[in-house]
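Here is a short briefing on one protein chain. Keep the sequence and the 3D view open as you read.

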Amino acid sequence: MVKARSLAIAGIVAAGVLVSAGPADAAGTGPCDIYASGGTPCVAAHSTTRALYGAYTGALYQVKRNSDGATTTIAPLTAGGVANAAAQDSFCAGTTCLITVIYDQSGRGNHLTQAPPGGFQGPDVNGYDNLAGATGAPVTVGGKKAYGVWISPGTGYRNNNTNGIATGDAAEGMYAIFDGTHYNGGCCFDYGNAETNSLDTGNGHMEALYFGTSTGWGTGSGSGPWIMADLENGLFSGYNAGNNSGDPTITHRFLTATLKGGPNQWSIRGGNAQSGSLSTFYSGVRPNKSGYNPMHKEGAIILGIGGDNSVSAQGTFYEGVMTSGYPSDATENAVQANITAAGYATTSPASGPAVTVGSSVSLRATTACCTTRYLAHSGTSVATQVVTSSSAATLKAQASFTVRAGLANSSCVSFESKDTAGSFLRHSGFQLYLNANDNSTLFKQDATFCPQSGLNGQGNALRSFNYPTRYVRHYNNTGYVASQGGVHTFDAASAFADDVSWVVSAGWTS
């Protein structure tokens, strides 16, 4: 039986296609089965959404509950299947959770955990990077709910002590599925091979997939984002250190990106993770810049950061692997067919009681101290104010907002001031302000909030769209976006569930 199955998979790889009878078939053969049959086995396999081997039943990832510090592991629903998102939802009900470990499914123990400080400090305790929120990137896979890894600036995962990852000039391959609409120009949203000391140790000491719009090194065609290779001290799109016009701007909602490299050869490919085939954006010799031929890979693994722990990038990761050896295009094509058959699809990041677009609302605090206080602005400042039926019309207007479809995601919401048209609640430096919409991507993200059920059982909690570990909170009456038990004073764990739960009532000003 094993021999027959291996021969069948080998036939698929040779043909470069994967015949599928529908999403359910993804459980029979995983990407790492295909790579193994192509002679380039996975030496690291990471996913929070599904198993990457057809027979895998082990842990996919671990979450930590912020209310009490308890942890649990999330496994596939079935062998080779989709993650058990319901188990996470049950464990994290009424509180917030972080993704603490992304397990390596290859059996080599190349797990990803909270990245330590390096050339750059992270924003968490002792210079570590932040961990991702467990609910920031909901999707469906084959019709079943799952969660990806939403990387906000400051978030990162790493393993500096790996087993079997390519070093020196040895050949390797990798792929990842990213959200092609979630990116920035910061350095560097990477997945792949990096330095083992979290420092920049020179040209050619990395080989990692990059996705974003950074223009400080290489670029592709158009304005980006692009799939490029982070080879350290350079993001490369092709042979030239500058521009490769054959590397296109690519923005598929679910994006497959591949990178492979060996002695004086490398390749970038990409495509839509929901349908179609891969395209080759570069395949040839190493870049025409010293230090990259031969390569000096060190074998650490990073996610969401640069090799020196540069932490200003953002993006979303769903699954990815690293291989031993240089995969053939046919093998990668078969993996792409498996990915499209898995059935990735979007789902709303909002949940809980509906917050109706177009309605006039006021947001009332539910903490026992403060149930007569409403979120209001005074100029650009935002804090809670006591508002009653006898309050001045000016104050009532300052505590009233029109609900708009989320400026960054229409499944979420934005709050436009009733008395200052064109100005919205937004966060900056994690404090709330009322500012005029400048139509920038950053403003739209900062002004978008995803409602869910109130953490204390009342009303709604309003989760920040671009920092999904953070929720709209009143602390000493001032408005913030806060994370439960984080490093700032306003992140205090005490009364967190109450402070972030709001009754969304009819606006004081209609």
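The points below go from the whole chain to single residues.

This is a predicted model, in which local features need pLDDT of at least 70, side-chain atom pairs count only at pLDDT 80 or more, and totals for chains, interfaces and linings use all residues. Residues are numbered from 1 along each chain as its sequence is written, and side-chain values use heavy atoms, with hydrogens and water left out.

**The whole chain**

- The chain has seven helices and 33 strands. Helices (H or I, at least four residues) and strands (E, at least two) are DSSP runs, numbered from the N terminus.
- The radius of gyration is 23 Å, close to the 24 Å that the globule rule gives for 510 residues, so the chain is as compact as a globular protein of that length. The radius is taken over C-alpha atoms, and the globule rule is 2.2 Å times the number of residues to the power 0.38.
- Along the principal axes, the C-alpha atoms fill a box of roughly 80 × 50 × 40 Å.
- Of the 510 residues, 56% are buried. Buried means under 20% relative accessible area, exposed means over 50%, and partly exposed lies in between (1.4 Å probe, protein chains only).
- Take the contacts between residues at least 6 apart in sequence: 67% of them join residues at least 24 apart. A contact means heavy atoms within 4.5 Å.

**Surface and charge**

- The chain has 25 positive and 29 negative charges, and their mean positions are 8 Å apart. Lys and Arg count as positive, Asp and Glu as negative, while His and the chain ends are not counted. Each charge is placed at NZ of Lys, CZ of Arg, CG of Asp or CD of Glu.

**Two buried residues in strands**

- Find E319 in strand β20, which covers residues 315–324. E319 is buried, because its relative accessible area is 0%.
- The side chain of E319 makes a polar contact with the side chain of Y175, at 2.5 Å. Another polar contact joins the side chains of E319 and Y344, at 2.6 Å. A polar contact is a pair of N or O atoms within 3.5 Å; within protein, one must be able to donate a hydrogen and the other to accept it, and residues adjacent in sequence count only if both atoms are side-chain atoms.
- Not counting residues up to four places away in sequence, E319 touches several others, including P31, H46, R50, I177 and I339.
- S414 sits in strand β26 (residues 413–417). S414 is also buried, with a relative accessible area of 0%.
- A polar atom of the S414 side chain lies 3.0 Å from the backbone nitrogen of L407.
- Leaving aside neighbours within four places in sequence, S414 is in contact with residues that include T402, F424, A447 and T448.

**Backbone exceptions**

- Most residues other than glycine have a negative phi, and most peptide bonds are trans.
- Where are the cis peptide bonds? One joins C187 and C188, with omega about -15°. Another joins N293 and P294, with omega about 5°.
- C188 is in the loop between β11 (172–178) and β12 (190–194). P294 is in the loop between β18 (279–284) and β19 (300–303).
- N309 is not a glycine, yet its phi is positive, near 65°. It lies in the loop between β19 and β20. At 0% relative accessibility, N309 is buried.
- N477 is not a glycine either, and it has a positive phi of about 75°. Its loop runs between β31 (471–475) and β32 (478–482). At 30% relative accessibility, N477 is partly exposed.

**Distances across the chain**

- S381 belongs to strand β24 (residues 381–386). S381 is partly exposed, because its relative accessible area is 44%.
- S381 and Q105 are 276 residues apart along the chain, and their C-alpha atoms are separated by 48 Å.
- A93 is in the loop between α3 (85–91) and β4 (97–102). Is A93 buried or exposed? A93 is exposed, with a relative accessible area of 54%.
- A93 and F401 are 308 residues apart along the chain, with 28 Å between their C-alpha atoms.
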